[in-house]
Structures are given as C-alpha cells and as structure tokens.
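Subject: Structure handover and notes

Dear colleague,

I am passing on the structure below, together with some notes on what came out of going through it. Please read the notes with the model open beside them.

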Amino acid sequence: AEHIAETWNTNKEANALFGCIIGTVGFYELVDDNLELIRVNQEYCQLMHGNTKLVFDNATNVLKFIQPEEQHQVLDACRACWKDGRVVTTYVHRTTFDGETIFLKVRVRFLGATGNRAAFYAALDLADEVKTADRKTK
C-alpha cells in the first residue's frame with residue numbers, strides 16, 4: 001500500500017485531479033484477502049458519514065464495514081476483474097462511520113499488480129434494494 005500512497009502523496013497534480021472527480025470513488029489495494037483503502041475523494045467521506053482522518057484511520061481493512069456474508073462478493077469482484085480486465089459490479093450492505101447501514105452498487109476496475117498486490121478503482125453509488133432485487137429475479 002505504501003508504494004501506491006507515495007505516488008499520490010508526491011504528485012500534487014494527481015491529488016488535485018482526484019479530489020475533483022465527480023461521484024464517490026476510491027483506490028484500493030488487495031493483498032490476499034485484505035482490501036486496503038489507499039485514496040478517496042471528498043464524496044466518499046460524505047457518503048460514509050466521515051472525514052478524511054476517520055476514513056484513513058480505518059483504511060487497513062475496509063471489508064470489516066461490509067456485512068460478513070457479503071464480503072466475498074467484493075473479493076470475488078476484485079479477482080474477476082483482475083483476471084479478465086472487465087469492470088465488475090456487485091451490490092453490498094456497508095456500515096457507515098456513524099453506524100448506518102447503506103446499500104451500495106460497487107463497480108470495480110483492475111488497475112495493475114505487482115506480485116500478490118493488486119490495485120483497483122471502485123465507483124460507489126447508493127442503490128435501491130427493492131429495484132436491485134427485482135432486477136436480479138427477472
């Protein structure tokens with residue numbers, strides 16, 4: 001995670017650009033079954049009802065905020081897009097920093113890997129559970 005974080009911290013232009021991205025986005029690093037948050041924009045902090053300090057104080061294992069029975073969906077999405085390069089979408093329940101459970105549509109894109117470490121970009125949107133369930137049953 002440090003080598004990716006160093007890149008962001010040393011490049012102020014990339015940092016400014018990332019902060020201006022519209023929508024809720026984050027960069028993550030996967031090592032084995034651990035998903036670490038590397039970088040987020042301000043919309044991420046707002047959606048998770050937190051601030052930058054709170055987000056990064058809890059960045060080393062973001063799966064702990066996903067309901068346990070759904071954590072595999074996030075790992076499976078990361079591994080699937082790592083394998084074939086496509087964008088993978090999954091839906092999960094996540095607990096925000098103030099304890100609210102929200103339902104998210106998560107679109108994951110593989111960015112690159114070194115050894116067993118892989119980097120991903122994820123776009124997050126609030127989802128409607130009823131509409132999503134209806135779509136899955138059709």
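A residue is called buried here when its relative accessible area is under 20%, exposed when it is over 50%, and partly exposed in between, with a 1.4 Å probe and protein chains only. This is a predicted model, in which local features need pLDDT of at least 70 and side-chain atom pairs count only at pLDDT 80 or more, while totals for chains, interfaces and linings use all residues. Residues are numbered from 1 along each chain as its sequence is written, and side-chain values use heavy atoms, with hydrogens and water left out.

Let me begin with Asp98 and the residues around it. By that cut-off Asp98 counts as exposed, because its relative accessibility is 52%. Asp98 is found in the loop between E3 and E4, where helices (H or I, at least four residues) and strands (E, at least two) are DSSP runs numbered from the N terminus. The side chain of Asp98 makes a polar contact of 2.5 Å with the side chain of Thr96, and another, of 2.9 Å, with the side chain of His49; a polar contact is a pair of N or O atoms within 3.5 Å, where within protein one must be able to donate a hydrogen and the other to accept it, and where residues adjacent in sequence count only if both atoms are side-chain atoms. Asp98 and His49 are 49 residues apart in sequence, and their C-alpha atoms are 6.3 Å apart in space.

His49 itself is found in the loop between H3 and H4 and counts as partly exposed, at 32% relative accessibility. Most residues other than glycine have a negative phi, whereas phi of His49 is positive, near 60°. Asp32, in the loop between E1 and E2, also has a positive phi, near 55°, and is exposed, with a relative accessible area of 52%.

Next comes helix H5, which covers residues 71-84. Its 14 residues reach 21 Å from the first C-alpha to the last, close to the 20 Å expected at 1.5 Å a residue, the expected span being 1.5 Å times one less than the number of residues. Within H5, Val74, Leu75, Ala77, Cys78, Ala80 and Cys81 are buried, and what covers the buried residues of H5 includes strands E1 (24-31), E2 (34-40), E3 (88-95), E4 (101-114) and E5 (117-126). H5 is followed by Gly85, whose phi is positive, near 80°.

Which residues have the most contacts inside the largest nonpolar core? They are Tyr28, Leu35, Leu37, Tyr44 and Leu124, in a core of 30 residues; such a core is a set of buried Ala, Val, Leu, Ile, Met, Phe, Trp, Tyr and Cys residues joined through side-chain atoms within 4.5 Å. E1, E2, helix H3 (42-47), H5, E3, E4 and E5 each supply at least two residues of this core, and H5 gives the most, with six residues. Leaving aside neighbours within four places in sequence, Leu37 is in contact (heavy atoms within 4.5 Å) with Phe27, Tyr28, Tyr44, Val55, Phe56, Ala59 and Val62.

The structure also holds six aromatic pairs, where rings of Phe, Tyr and Trp (its six-membered ring) pair if their centres lie within 6.5 Å, and planes under 30 degrees apart count as stacked, over 60 as edge-to-face and the rest as tilted. One of them, formed by Phe27 and Tyr121, is edge-to-face, at 5.5 Å centre to centre and 65° between the planes, and links distant parts of the chain, with Phe27 in strand E1 and Tyr121 in strand E5, 94 residues apart. The rings of Trp82 and Phe120 also form an edge-to-face pair, because their planes stand at 75°, with the centres 6.4 Å apart. As Trp82 lies in helix H5 and Phe120 in strand E5, this pair ties together parts that are 38 residues apart in sequence. Trp82 is partly exposed, with a relative accessible area of 31%, whereas Phe120 is buried, at 1%. Ring pairs link Trp82, Phe110 and Phe120 into a cluster.

With kind regards
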